[in-house]
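Please open the structure in your viewer and keep the selection tool at hand.

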Amino acid sequence: MARIVMKFGGTSVGDIDRIKNVANRVKREVDAGNQVAVVLSAMSGVTNQLVAWCNQMAKLPDPREYDTVVATGEQVTIGLLAIGLQELGLEARSWCGWQIPIRSNGVHGKARIESIDTARMSAAMAAGQVAVVAGFQAVGPDERISTLGRGGSDTSAVALAAALGADRCDIYTDVDGIYTTDPRIVTKARKLHRITYEEMLELASVGAKVLQTRSVEMAMKHRVRVQVLSSFEDKPGTLVCDEDEIVEKELVSGIAYSRDETKVTLTRVPDRPGVAASIFGPLAEASVNVDMIVQNVSEDGRFTDLTFTVSHSDLERAREVLNAAKPDLGFEALSDDPAVVKVSVIGVGMRSHAGIAQKMFQTLAEEGINIQVISTSEIKISVLIAEKYTELALRALHTAYGLDAA
Ligand code: ADP
Ligand code: ASP
Ligand code: MG
């Protein structure tokens, strides 16, 4: 008998028929003799609607109340699935994050899971009950509901699998696996049978939203066997695993993009030691994540322009923090441009092969696409370009790196 965690995303629970389909899939695993915990997202579109409502109430809604609102989508689907499983003759119950409890650090809107007390849930599962768990939710030290950031149900699933010592964590979604790039944009994207934790971590962190970044971090740390597969078709999916389980190694394993970037520019910042610290320190304190950074020194050498990117949801807070510090920082103006996209190429082969970055720059140049910011890490190169070139850039790079499906 195995213990498994099955996670279903928003599209997979998008309406009543789909929730019934999920119930049937869960029943198959139970009938095969497995102990099952199911983690669910809200119905597709619901979380977006809840977020939009909060933003219509206030420019910067109270993060605790924001979490109270956006966590509700998952409560609906878990209750419905528990009813559906009972209709199929199974024992099942729903669990909200606070009922388990799943404890977080309490950073509202992007909380991290700190511990899960699985004792009660585990006992119920051992007694034959299917546990249907709300993804995305946890409870913070303030005893209030906190949410794990967009796409956070993946992390709920992997964290639960680790805490339960599960044999598998199966992530069911609306594509049948992990591809070389988003198959909805590049039709020639190729499905990967296996991918390393490390590569998936990079892909996720630069925008391949098929798995939330923290879920991959957690899987890597606790060595959870994660599989991504279709909730609509019976097909083998993609296994996320260790490097030594992978036979064929490619120089470039994937390409990702993120539209969730806003370019912020501070012009004419006095150029003196400590200026970067005085800008990025207060942003970090306000939990604003800064991603790419470039600094240009002005002609007379006394001033500098600083450009960096933040996610759309952090922009308002970043603006507030920087405007409040403007008298100290002494910059002239703050401007922002949301019409940008970050495109990244990932591959462990970059450690040992030169020329991979050059191929990216060359390919984009040939398509007439201007690069605004560049950043690199050991196995990744990212560029910021105008958003209107997203599809063109992805397709051209996919072909240039020889990733197109035959
Ligand atoms: P869910 O609601 O099931 O969590 P998501 O929308 O969060 O699903 O993630 C699945 C989506 O991720 C796919 O529909 C696809 O468009 C996108 N995606 C982006 N990059 C990739 C990739 N490399 N492989 C597969 N899917 C990807
Ligand atoms: N419902 C949440 C979201 O849309 C969490 C998730 O689906 O993973 O972000
Ligand atoms: Mg998701």
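Predicted model: local features only at pLDDT ≥ 70, side-chain atom pairs only at ≥ 80, totals over all residues.

Begin by colouring residues 3-173 as domain 1, residues 262-337 as domain 2 and residues 340-401 as domain 3, which is how the protein is divided. If you then look from domain 1 to domain 3, you are looking between two C-alpha centres that lie 36 Å apart.

Next, show the strands as a cartoon and look for an open sheet of eight strands, whose order is β3-β6-β2-β1-β9-β11-β12-β10 and whose pairing is mixed. Which strands stand at the edges of the sheet? They are β3, at residues 92-95, and β10, at residues 194-196, and each has a single partner strand, so one side of each is left without a neighbour in the sheet. As you follow the order across, the twist from one strand to the next averages 20°.

Now select β9, residues 168-173, together with β11, residues 226-230, which pair in the parallel sense over five bridges. In general, the strands of a sheet pair through backbone hydrogen bonds, and they do so either in parallel or antiparallel fashion. To see one of the pairings here, pick Cys 169 and look across to β11, where its bridge partner is Val 226.

The pocket holds about 400 Å³ of space, and it is lined by 17 residues, of which Leu 192, His 193, Arg 194, Ile 246 and Glu 248 lie nearest its centre. Colouring the lining by class would show five nonpolar, three polar and nine charged residues.

For the last stop, select Val 158, Tyr 197, Leu 211, Ser 215, Val 216, Ala 219, Val 226 and Val 240, which line the largest cavity. This cavity has a volume of about 30 Å³, and the structure holds one cavity of 30 Å³ or more. Which helix gives the most to the lining of the largest cavity? Helix α8, residues 213-222, does so, with three residues. By class, this lining divides into seven nonpolar residues, one polar and no charged. Val 226, the bridge partner of Cys 169, is among the residues of this lining.

Definitions and conventions: Residues numbered from 1 in each chain as written. Chains lettered and ligands numbered in written order. Heavy atoms only, no water. Domains from an automatic or database assignment. Pairing = 2+ DSSP bridges. Helix = DSSP H or I, 4+ residues; strand = E, 2+ residues; numbered from the N terminus. Axes fitted to C-alpha atoms, helices over the stretch in contact; angles between N-to-C directions. 1 Å grid on protein atoms, 1.4 Å probe; cavity = no way out; pocket = protein on both sides within 12 Å on 5 of 7 lines; lining within 4 Å. Points joined across faces, edges and corners; volume = space filled by probe spheres on them. Nonpolar A, V, L, I, M, F, W, Y, C, P; charged D, E, K, R; others polar.
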